Amino acid sequence: MKQKRKVGRIWIGICLVLCIFINSTLIGYATRGASTMSIDATKTVTLGRSSGMATASCKVTGNMSRVTKITVVMSLQKQNNSGTWTTVKSWSGTANNYYYNFAKNISVSRGAYRVKANVTCYRRSVSKTSTHYSGTKSY
């Protein structure tokens, strides 16, 4: 009887060690997998003007092997007398690619303007969002 108990305890000990080992391996794998899911992209937000028209643009270039989709929400903002920024017009666009050059034209009056762009880069179901601003231009 004592021999059966001893064998049973040994088996329980072996099972516990295996469970701990398997669990720590899976946690380590999940952590490594998440850290390699970084999404690299270069974003350029610009504002130009020609003949009373402003051109708001956002160019996003992602890593070809990591970025599968890009969405951009871009706003033309005007600075009011108190120094705060108000949105004049907003646009949104999506590219199922690692590269996106999103540009819109709009007629503007005198004042100080900038472009704000919220860019989301995707790698399958993982996403990373960042906000970018152009320099201020006065017309």
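Me: In E8, what is the bridge partner of Ala 112?

Reply: It is Ser 138. Some ground rules before we go on: this is a predicted model, where local features need pLDDT of at least 70, side-chain atom pairs count only at pLDDT 80 or more, and totals for chains, interfaces and linings use all residues. Residues are numbered from 1 along each chain as its sequence is written, and side-chain values use heavy atoms, with hydrogens and water left out.

Me: How many bridges join E6 to E8, and how do I read that?

Reply: Strands (E, at least two residues) are DSSP runs, numbered from the N terminus, and two of them pair if DSSP finds at least two bridges between them. Here E6 and E8 run antiparallel and are joined by two bridges.

Me: Which sense does the pairing of E6 with strand E7 take?

Reply: Antiparallel, over eight bridges, with E7 spanning residues 126-133. Cys 121, for instance, has Lys 128 as its bridge partner in E7. The two strands form a hairpin with two residues between them, and Arg 124 in the turn has a positive phi of about 55°. E6 also pairs with strand E3 (residues 69-79), again in the antiparallel sense, over ten bridges.

Me: How many residues of E6 are buried?

Reply: Buried means under 20% relative accessible area, exposed over 50%, and partly exposed in between (1.4 Å probe, protein chains only). Nine of the twelve residues in E6 are buried, so the strand is mostly covered.

Me: How many aromatic pairs does a search of the whole structure find?

Reply: Rings of Phe, Tyr and Trp (its six-membered ring) pair if their centres lie within 6.5 Å; planes under 30 degrees apart count as stacked, over 60 as edge-to-face and the rest as tilted. The search finds two pairs. One of them joins Tyr 113 and Tyr 139 in a tilted arrangement, 5.9 Å centre to centre with 40° between the planes. Tyr 113 lies in strand E6 (residues 112-123) and Tyr 139 in the segment after strand E8 (137-138), so the pair ties together parts that are 26 residues apart in sequence. Both Tyr 113 and Tyr 139 are buried.

Definitions and conventions:
Helices (H or I, at least four residues) and strands (E, at least two) are DSSP runs, numbered from the N terminus.
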